[in-house]
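User: Please take a close look at a single part of the structure shown below. A plain, connected account will do.

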Amino acid sequence: MSIGRAILLIALVFPGLMVVATSIYAYNTDYATMERTERYVDQLARQRRTNANDRQLELAYHRSMVHRMNAFTNGTWGFIGATIAAIGIHGLAITKEESIQDQKRSGN
């Protein structure tokens, strides 16, 4: 493996894949929490006729919106990490594998 390919692997491919993995994990966590808060908002809206007040409903709704924005942001970071990894993989695919003999011949 040439030094250029090693640099591409270390600088682009591995960090890009790490960003993708962590953002997918965070997305799944936030999405599950968002589903839970949406069910709570629905429950409060159904109980509103009887005893829930507007402040509780608004607070629950805004919590749900926060988790919705977090899930969107995690998805965006996943896309950015995948793009970085794809640039590194593209670089690996188009670079030529030169042996030491090829480098000596081109140097003479």
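What is the relative accessible area of R46, and is R46 buried or exposed? Please go on from there to the helix around this residue and its neighbours.

Analyst: R46 has a relative accessible area of 61% and is therefore exposed; the class requires over 50%, while buried means under 20% and partly exposed lies in between, with a 1.4 Å probe and protein chains only. The model is predicted, so local features need pLDDT of at least 70 and side-chain atom pairs pLDDT 80 or more, whereas totals for chains, interfaces and linings use all residues. Numbering starts from 1 along each chain as its sequence is written, and side-chain values rest on heavy atoms, with hydrogens and water left out.

R46 belongs to helix α1, as does D42, four residues away, or about one turn of the helix. Helices are DSSP runs of H or I with at least four residues, strands are runs of E with at least two, and both are numbered from the N terminus. The side chains of R46 and D42 form a salt bridge with an N to O distance of 3.2 Å; the term asks for a side-chain nitrogen of Lys or Arg within 4 Å of a carboxyl oxygen of Asp or Glu. D42, at 37% relative accessibility, is partly exposed.

Helix α1 covers residues 3-47, and its 45 residues should span 66 Å at 1.5 Å a residue, which agrees with the 65 Å between its end C-alpha atoms. The expected span is 1.5 Å times one less than the number of residues. The helix does have a kink of about 35°, centred on L9, where the bend is the angle between axes fitted to the seven residues ending at a residue and the seven starting there.

Among the buried residues of α1 are L9, V13, G16, V20, D30, T33, M34, T37 and V41. The buried residues of this helix pack against α2, residues 54-94. An α-helix has 3.6 residues a turn, so residues three or four places apart point the same way.

From the α2 side, S64 is buried at 0% relative accessibility. S64 touches M34, T37, E38 and V41, leaving aside residues up to four places away in sequence; contact means heavy atoms within 4.5 Å. H67, also placed in α2, counts as buried at 19%, and on the same terms H67 touches D30, T33, M34 and T37.

The whole structure holds two salt bridges. E38 is partly exposed at 30%, and R68 is partly exposed at 37%.

There is one aromatic pair in the structure. The ring centres of Y27 and Y31 are 5.7 Å apart and the planes lie at 25°, so the pair is stacked. Rings of Phe, Tyr and Trp (its six-membered ring) pair if their centres lie within 6.5 Å, with planes under 30 degrees apart called stacked, over 60 edge-to-face and the rest tilted. Y27 and Y31 are four residues apart in α1, about one helical turn. Y27 is partly exposed at 32%, and Y31 is partly exposed at 34%.
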